[in-house]
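User: Hi! Could you walk me through this one before I set anything up?

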Amino acid sequence: KKAKQKEATSSNLLQLLAEIDADRSGHITLDELHHSFTRPDIRSFMTALEIDVIEADALFALLDDNGDGAVDIAEFVEGMTRLKGEARSMDIHMLILQNQKALQACSQVVSLLSRGRDNSWKRCTS
């Protein structure tokens, strides 16, 4: 049942990509995404997928994995599948954990840089 559901979702996402891809290039740009959000049918499609259509720029940034300014078929299907539906509690907690680890790493870097600056200052004033 899940395999059929996943296949149907992928098919729907490919259909959505085709609708957004105004120039039929096989990928979408931020401009195409912005334009598509003005269409009621696209907005309804996104709402049905439980994807918030308020911020096109943020959605595009989340979909454009390689940062090349274009979202290809693989990025679109994988990204939309990842974003589809509401965030689960576990997902949110994983994000919190990852953020805490990143903050700790940043704090360590700042501490090392501060110590290095203090040692350099002492050598210059001696």
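Analyst: Happy to, and we can go through the overall layout, a helix, a residue and a pocket.

Analyst: This is a predicted model, where local features need pLDDT of at least 70, side-chain atom pairs count only at pLDDT 80 or more, and totals for chains, interfaces and linings use all residues. Residues are numbered from 1 along each chain as its sequence is written, and side-chain values use heavy atoms, with hydrogens and water left out.

User: Thanks! How many helices and strands does the protein have?

Analyst: There are 6 helices and 2 strands, taken as DSSP runs numbered from the N terminus (H or I, at least four residues, for helices; E, at least two, for strands). From the N terminus on, the order is α-β-α-α-α-β-α-α.

User: And what percentage of the 126 residues counts as buried?

Analyst: The buried share is 22%. Buried means under 20% relative accessible area, exposed over 50%, and partly exposed in between, with a 1.4 Å probe and protein chains only.

User: Let's look at α1. Which of its residues are buried?

Analyst: Those are T9, L13, L16, L17 and I20. Down the axis of α1 they fall within an arc of 100 degrees, so they line one face of the helix; the arc is that of the directions from the helix axis to the C-beta atoms. In general, an α-helix has 3.6 residues a turn, so residues three or four places apart point the same way.

User: What's on the face turned away from that buried side?

Analyst: The exposed residues A3, K4 and E7 sit there.

User: And what covers the buried residues of α1?

Analyst: The cover includes β1 (27–28), α2 (30–36), α3 (40–48) and α5 (73–83).

User: Last topic: which residues lie nearest the centre of the second largest pocket?

Analyst: They are I51, D52, L59, L62 and L83, out of 10 lining residues. A pocket here is an open set of points on a 1 Å grid over the protein atoms alone, where a 1.4 Å probe fits, with protein on both sides within 12 Å along at least five of seven lines; lining residues have an atom within 4 Å of a point.

User: Which helix gives the largest share of that lining?

Analyst: Helix α4 (residues 56–63) does, with 3 residues.

Conventions
Contact means heavy atoms within 4.5 Å.
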